[in-house]
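Please read the points below with the model open beside them.

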Amino acid sequence: MSAVNCNEGTCACPQSGDIRVVKIGGNIVDNPEALAQFVKDFASMPGRKILIHGGGKEATRLSSRLEIPTTMIEGRRVTSRETLDVVTMVYAGLVNKRIVSMLQAEGCNAIGLSGADGNAIRATRRPAEPVDYGYVGDISPKGVNTHLMGSLLDAGFVPVYCAITHDGNGTLLNCNADTIASSVAIGASRLAQADLIYCFEQPGVMEDIDRPDSLIPHITPSSYAALRESGVVNKGMIPKLDNSFKAIASGVRSVIIKHAANLGNDIGTVLSED
C-alpha cells in the first residue's frame, strides 16, 4: 500500500510510534454536540491512533420504528437475523460514515471499516449455550488483522472500526463495541506500545452514578470482583471492565475509562493488574 498524505489540518498521521486505541460510547455518538467536540479532540490528538465506536441507541430507535424487539442481557444485545440487518445498516453504514466524514472535516484522514472490510476482524458465532445471543461473534486472539492495521497506519490513515465482524464464510456478526476495542488494542500491541481509552458520558467508573464526586480512580482485578459482587459495577460496565482486564493481561500497556470531554487529560478510572 502506497503512502498517502493527510488532508491539511490537525491530523499528523506519523508512521511510527505508540498507538492509542480510543473507543467512543453510544451516548456520545447519539449526542450531536458531544460527538462534534469529541471528533475535534480526537482529530487533534497527536500520534498514531485508532477509533472504535458504538451506536446502540441509533440501532434501538431504528429497530423500534421497524417493530423489531430489542433484547439486552448483561449489557449485550441479542442479535436476531432482523436485528443483524439493522445493526449492520446503523453501525457499518450511517454511524461509521458520519464519524468518518466529521473526522475528514477536521483534517484527519480517517477510513471506516467493518470486520469484513479487508478481513479486518474475523469472529466465530457464539455458542447458543448457556445463552443464545443470536448472530453475535466472539473474536479469537488472532482474529484482528494486524497486517492490515499496520499497513493503514503506515500509510497515514486513521482506522475507524465499527462493531460488525464476519466469520469468513459470508456471515456478518454483531460484536460488543467494547470487545472490538479490547481486541483491536491487543492487536495494536503486537505492532507497538498500545494504550486503550474508553470514552463515554461519565467521568469513569462511579461508586454512585448520581454523585459526580464518587469517581473510582483505580481498579484492580480483586477490587473489580468486589465492586461487581456489591452491584456497584453492573450492566454495560461489566463487558467494559472484563475487556479492559483482558487487554492488560494480553499486552496492552494501559487502560483508562473516562468522560469523552477528558480525552486530552488524565482524569478517569485507571485499570491495572495491581
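This is a predicted model: local features need pLDDT of at least 70, side-chain atom pairs count only at pLDDT 80 or more; totals for chains, interfaces and linings use all residues.

1. Lys 240 sits over the face of Phe 200, at 5.3 Å from the ring centre.

2. Aromatic pairs number two in the structure. In one of them, the ring centres of Phe 38 and Phe 42 are 5.9 Å apart and the planes stand at 25°, so the pair is stacked. Phe 38 and Phe 42 are four residues apart in helix 2 (residues 32-44), a separation of about one helical turn. Phe 38 has 2% relative accessibility and counts as buried; Phe 42, at 0%, counts as buried too.

3. Tyr 224 and Phe 245 also pair: their ring centres are 5.7 Å apart with planes at 25°, so this pair is stacked. Because Tyr 224 belongs to helix 7 (residues 221-230) and Phe 245 to helix 8, the contact ties together parts that are 21 residues apart in sequence. Are these two residues buried or exposed? Both Tyr 224 and Phe 245 are buried.

4. The structure has twelve salt bridges. One of them joins the side chains of Asp 18 and Arg 253, at 2.9 Å from N to O. Asp 18 is in the segment before strand 1 (19-24), and Arg 253 is in the loop between helix 8 (237-249) and strand 13 (254-259), so the bridge ties together parts 235 residues apart in sequence. Asp 18 is partly exposed at a relative accessible area of 38%, and Arg 253 is partly exposed at 42% relative accessibility.

5. Asp 178 and Lys 23 form a further salt bridge through their side chains, with an N to O distance of 3.1 Å. Since Asp 178 lies in helix 6 and Lys 23 in strand 1, this pair ties together parts that are 155 residues apart in sequence. Asp 178 counts as buried, with 5% relative accessibility. Lys 23 is buried as well, its relative accessible area being 7%.

6. Asp 138 makes a salt bridge with Arg 126, and the closest N and O atoms are 2.8 Å apart. Asp 138 is in strand 7 (residues 137-144), while Arg 126 is in the loop between strand 6 (121-125) and strand 7; the two residues are twelve residues apart. Asp 138 is partly exposed at 27% relative accessibility. Arg 126 counts as buried because its relative accessibility is 18%, and the cut-off for buried is under 20%.

7. Salt bridges also link several residues into a network, made up of Asp 30, Glu 58, Arg 61 and Arg 98.

8. How many of the twelve residues of helix 6 are buried? Twelve of the twelve are, and the helix is mostly covered. Among the buried residues are Ala 177, Asp 178, Ile 180, Val 184 and Ala 188. At the start of helix 6, a side-chain oxygen of Asn 176 comes to within 2.8 Å of the backbone nitrogen of Asp 178.

9. The length of helix 6 (residues 177-188) can be checked. At 1.5 Å a residue, its twelve residues should span 16 Å, and the end C-alpha atoms are 16 Å apart, which agrees.

Key: Residues are numbered from 1 along each chain as its sequence is written. Side-chain values use heavy atoms; hydrogens and water are left out. The expected span of a helix is 1.5 Å times one less than its number of residues. Buried means under 20% relative accessible area, exposed over 50%, partly exposed in between (1.4 Å probe, protein chains only). A polar contact is a pair of N or O atoms within 3.5 Å; within protein, one must be able to donate a hydrogen and the other to accept it, and residues adjacent in sequence count only if both atoms are side-chain atoms. A salt bridge is a side-chain nitrogen of Lys or Arg within 4 Å of a carboxyl oxygen of Asp or Glu. Rings of Phe, Tyr and Trp (its six-membered ring) pair if their centres lie within 6.5 Å; planes under 30 degrees apart count as stacked, over 60 as edge-to-face and the rest as tilted. A charge sits over a ring if NZ of Lys or CZ of Arg is within 6 Å of the ring centre and within 35 degrees of the ring normal.
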